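Please keep the model open while reading.

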Amino acid sequence: MASVLVVEDDQFVRSALIRHLTDASHTVRSVGTALEALREVAHIRFDVVILDLGLPDLDGSEALKMLRGITDVPVIIATARDDEAEIVRLLNDGADDYLTKPFSVEHLSARMSAVLRRSRAMAGAEPPSRVIQVGGLSIDPLRRQAQLDGERLDLTRREFDLLTFLAGRPGVVVPRKELLAEVWQQSYGDDQTIDVHLSWLRRKLGETAAKPRYLHTLRGVGVKLEPPR
């Protein structure tokens, strides 16, 4: 079964989740604050995180962004908030699923199973075995390392995945919808998610949108990566 981190400050809800997940043969750890959650995922590899938004030290949406900076562990949001715009924003910020309280144990179990299936399918996919070379950019998918002009790039997991996907198709304009589907594993979303990660990548590649070297955005069409001219 799965290793689960429950991030919930309500002791009653927290205890109920722990009991039901343990009864379903999952290994469960629990914390009541966002900072505790960040410490946990920094030291322990979980299969899934169940995250409440109403945490006492930091709003769960901010905690989600911080989690995504250090791990790609699947995150299921579990909260009483049901605003559609917020749900869409959280999914675009990296949440894998969203449950509105109150929910049944069966509902949570079904959502967890679906998220874990997707996660394990992605983990089982064979990465390219060859080193990708585009100009002075060198990417090793197996070692998950990237270098620019011989200097190692410090990339988050999502930044690395985005860079590798584009570098594997040099000179090809990739539609944003395809990037969402292949890199984020989402069938829908807004352009802001991609734009933010492209901005971070450009900064690390030493370029800007106004003066691109490797990453080029074609407004209304997509994104391409090609060697500097």
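Which residue with a positive phi follows α4? G94 follows α4, and its phi is near 125 degrees.

The model is predicted: local features need pLDDT of at least 70 and side-chain atom pairs count only at pLDDT 80 or more, while totals for chains, interfaces and linings use all residues. Residues are numbered from 1 along each chain as its sequence is written, and side-chain values use heavy atoms, with hydrogens and water left out.

Helices (H or I, at least four residues) and strands (E, at least two) are DSSP runs, numbered from the N terminus. Two strands pair if DSSP finds at least two bridges between them.

**The parallel sheet**

Five strands make an open sheet, with parallel pairing. Their order is β2-β1-β3-β4-β5. β2 (27-31) and β5 (97-100) are the edge strands; each has a single partner strand, so one side of each lacks a neighbour in the sheet. From one strand to the next, the twist averages 20 degrees. Axes here are lines fitted to C-alpha atoms, for helices over the stretch in contact, and angles run from 0 to 180 degrees between N-to-C directions.

Helix α1 (residues 11-23) packs on this sheet. α1 touches β1 (3-7), β2 and β3 (48-51), and its direction makes about 170 degrees with that of β2. Contact means heavy atoms within 4.5 Å.

Strand β1 is largely enclosed by the rest of the structure, because five of its five residues are buried. Buried means under 20% relative accessible area, exposed over 50%, and partly exposed in between (1.4 Å probe, protein chains only). S3, L5 and V7 point one way from β1, whereas V4 and V6 point the other way. Five bridges join β1 to β2 in parallel. V7 has V31 in β2 as its bridge partner.

Further along the sheet, four bridges join β4 (residues 75-79) to β5, again in parallel. T79 has T100 in β5 as its bridge partner.

**The antiparallel sheet**

Four strands make another open sheet, in the order β6-β7-β8-β9, with antiparallel pairing. Here β6 (132-134) and β9 stand at the edges with a single partner strand each, so one side of each has no neighbour in the sheet. Three bridges join β6 to β7. Q133 stands opposite S138 in β7. Helix α6 (residues 157-167) lies across β6, β7 and β8 and runs at about 110 degrees to β7.

**Helix packing**

How do the axes of α2 and α3 cross, and at roughly what angle? The axes of α2 (residues 34-43) and α3 (residues 60-70) come within 10 Å and cross at roughly 15 degrees. That makes α2 roughly parallel to α3. By angle, under 35 degrees counts as roughly parallel, over 145 as roughly antiparallel, 65 to 115 as roughly perpendicular and the rest as oblique.

A34, L38 and V41 in α2 meet A63, M66, L67 and I70 in α3. By class, this contact has seven nonpolar, no polar and no charged residues. Ala, Val, Leu, Ile, Met, Phe, Trp, Tyr, Cys and Pro count as nonpolar, Asp, Glu, Lys and Arg as charged, and the others, Gly among them, as polar.

Helix α4 (residues 84-92) has E86, I87, L90, L91 and N92 as its buried residues.

R111 lies in helix α5. R111 is partly exposed, with a relative accessible area of 24%. Leaving aside neighbours within four places in sequence, R111 is in contact with I76, D97, Y98 and L99. The C-alpha atoms of R111 and Y98 are separated by 8.7 Å, and the two residues are 13 apart along the chain.

Most residues other than glycine have a negative phi, and most peptide bonds are trans.

A cis peptide bond joins K101 and P102, with omega about -5 degrees. P102 sits in the loop between β5 and α5 (105-124).
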